[in-house]
There are 2 protein chains.
Amino acid sequence: MREHFADRLAAALTRAGSPVCVGLDPVIDRIAPALGLSAEEAAGSAEVAADAIWHFNQRIVEAVQPYCAVVKPQSAFYEQWGPAGVEALRRTIEFCREAGLICLLDAKRNDIASTAGAYALAYLGDGPLSTDALTVNPYLGRDGIEPFLSEARKRGKGIFALVKTSNPSSVEIQNQILQDGTLVYEHVGDLVAQWGADGIGERGYSDVGAVVGATFPRELAALRERMPSTWFLIPGYGSQGGTAQDVVAAFDERGLGAVVNSSRGIIYAWDSGSPATDFAGAAAQAAREMRDSIVAAIEARHQ
Amino acid sequence: MREHFADRLAAALTRAGSPVCVGLDPVIDRIAPALGLSAEEAAGSAEVAADAIWHFNQRIVEAVQPYCAVVKPQSAFYEQWGPAGVEALRRTIEFCREAGLICLLDAKRNDIASTAGAYALAYLGDGPLSTDALTVNPYLGRDGIEPFLSEARKRGKGIFALVKTSNPSSVEIQNQILQDGTLVYEHVGDLVAQWGADGIGERGYSDVGAVVGATFPRELAALRERMPSTWFLIPGYGSQGGTAQDVVAAFDERGLGAVVNSSRGIIYAWDSGSPATDFAGAAAQAAREMRDSIVAAIEARHQ
């Protein structure tokens, strides 16, 4: 029998002693100098760009692996380069999983019925882009979740549904107030908890996680109370302004329940002073510092 | 200067005398018999499946082109086959656009900032997967729309944001009632109209369209009144139960303002009795009948 996704995630974070997730968001202009290329050279063709991305990712993953158990490729930066970019994504996912990392694909997919089923097969099945978990958008309701969940549960995988996103205008829909006083994102959080209620693993967490931004610490704390069995995937740390203090409320009394992502703050860490050729070393240092800051903030809370 | 997307769409539908959009949703088990293959043969490898999809699509597009101006590949069915499937999508988009059809890519993408910008470059820029318009999910608010819109407007392209989807559980979020009595989907409709307000073309329509399902005709009529300048992309016709009578309220007094999609009802029309080898003829007939039904319903309303 396959291990439950939520148990596997808990075990991996415990083993690594780190809730850090490294976001693999390769922007070609920014990775070019690290590879000794001009931006024009690196973007010379889709194939050249895709190859640059693949080489950059390998070096980053090898460098940060001591400090994290989870990585999150952002599909957009691969799709941008068409079929060649998707091949770089395929190789990246395969490389990360073979290295023993848990790979969350951030693709925010959403659809219904057989279409959602096709996305589920694409990313949670056993096809070329198969990964450990996928982010999804909940706007379509349960019909847009079940096909993903059904495929995920066959294979010990998971999904993370957007609840409260890290961007300022997330309030336009997510913070609207419903008739009974509930905010839309709270209502969505309740739905996400329901969708996951029949998929709770041995450690008490469900295989339906929630994406909750680090940039709204008050909402993060309230959602933690509201969704005690839900893994949170937390974007917005670092470059978007979230700090260790902002995310500490996402962790439960076991120091688990949350994965905190940083992309630009880690993979482009060399931009703040290191030589570009040491991009991997700078990424490793940034990942270690992020791990240390969050772990210290969690421990301080328990003292 | 590039023609405005909404004007281009209006001109194309007027010229074709048809509001029909043919959805290119190739499910390998269902297209295999049309190509004289067993399902096992057609799904033998990602490359074989992608090749089958590409051959099937060419025949379908050639057959239905006399009866429609718009096609809508559904990205999931291509992504399912990894890089090879995305290559089949690239060829399909290119083939449709070279044939003079308007190609809407149904991918329901959504993200913020540079990530949304990467998706926008992927599908609305000038890269390998560049198409005429893209469906997007509005849950993240304006931050999740502007990067798409900015790229679209540079190039005379458009976006269609989900407002009220065709599936039963769309009510779980979309039909929640806000404090002032507005439903969530009405609020989203108002936002979509606002996002498009500074992108109105010469014919009075905006370059930010709305996806509104055929399966909720009352909501469709109410949204038409609420969003008079917005193009509607209407899924749910045919296989999902929507009829010509259900969608007629989406058309304005000029008989414009809506594109009605059918996927399975057209591309698998042979399934209801024709020999599989005549799949293209059956698709053409189904597209013609759909056009005739909707045009007749629009005309009947004006008498």
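Trainee: Which elements each supply at least two residues of the lining of the largest cavity?

Mentor: Helix H7 (113-124) of chain A does, together with S3, strand S8 (258-262) and helix H13 (264-267) of chain B. Helices (H or I, at least four residues) and strands (E, at least two) are DSSP runs, numbered from the N terminus. Keep in mind that this is a predicted model, where local features need pLDDT of at least 70, side-chain atom pairs count only at pLDDT 80 or more, and totals for chains, interfaces and linings use all residues. Residues are numbered from 1 along each chain as written, chains are lettered from A and ligands numbered from 1 in written order, and side-chain values use heavy atoms, without hydrogens and water.

Trainee: OK. Which element gives the most to that lining?

Mentor: H7(A), with 3 residues.

Trainee: And how much space lies in the largest cavity?

Mentor: About 380 Å³. It has 29 lining residues, and the closest to the centre are Thr115(A), Asp25(B), Lys72(B), Pro235(B) and Gln240(B). On a 1 Å grid over the protein atoms alone, a cavity is a set of points where a 1.4 Å probe fits but cannot get out, a pocket is an open set with protein on both sides within 12 Å along at least five of seven lines, and lining residues have an atom within 4 Å of a point. Points are joined across faces, edges and corners, and a volume is the space filled by probe spheres set on them.

Trainee: How does that lining divide by class?

Mentor: There are 10 nonpolar, 13 polar and 6 charged residues. Ala, Val, Leu, Ile, Met, Phe, Trp, Tyr, Cys and Pro count as nonpolar, Asp, Glu, Lys and Arg as charged, and the others, Gly among them, as polar.

Trainee: Buried or exposed, or something in between?

Mentor: Gln240(B) counts as partly exposed, because its relative accessibility is 33%. Buried means under 20% relative accessible area and exposed over 50%, with partly exposed in between (1.4 Å probe, protein chains only).

Trainee: Back to S3 of chain B. Why is it described as largely enclosed?

Mentor: In strand S3 (residues 102-109) of chain B, 8 of the 8 residues are buried, so the rest of the structure largely encloses it. Ile102(B), Leu104(B), Asp106(B) and Lys108(B) cover one side, with Cys103(B), Leu105(B), Ala107(B) and Arg109(B) on the other.

Trainee: How many bridges join S3(B) to strand S4 of chain B?

Mentor: S3(B) and S4 (residues 133-136) run parallel and are joined by 3 bridges, with Leu105(B) opposite Leu134(B). S3(B) also pairs in the parallel sense with strand S2 (residues 70-73) of chain B, over 2 bridges, and there Val71(B) stands opposite Cys103(B). Two strands pair if DSSP finds at least two bridges between them.

Trainee: How many cavities of 30 Å³ or more does a search of the whole structure find?

Mentor: 2 of them. Helix H6 (82-98) of chain A and helix H6 (82-98) of chain B each supply at least two lining residues. By class, that lining has 8 nonpolar, 2 polar and 4 charged residues.

Trainee: Switching to pockets: what volume does the largest one have?

Mentor: About 390 Å³. Of its 28 lining residues, Pro235(A), Gln240(A), Asp111(B), Ile112(B) and Thr115(B) are the closest to the centre. H7(B) makes the largest share of that lining, 3 residues. The lining has 8 nonpolar, 14 polar and 6 charged residues.

Trainee: Last one, on backbone angles. What is the phi of Ala113(A)?

Mentor: It is positive, about 50 degrees, although Ala113(A) is not a glycine. Ala113(A) lies in helix H7 of chain A and counts as partly exposed at 49% relative accessibility. Ala113(B), in helix H7 of chain B, has a positive phi near 50 degrees, and Ala113(B) is partly exposed with a relative accessible area of 47%.
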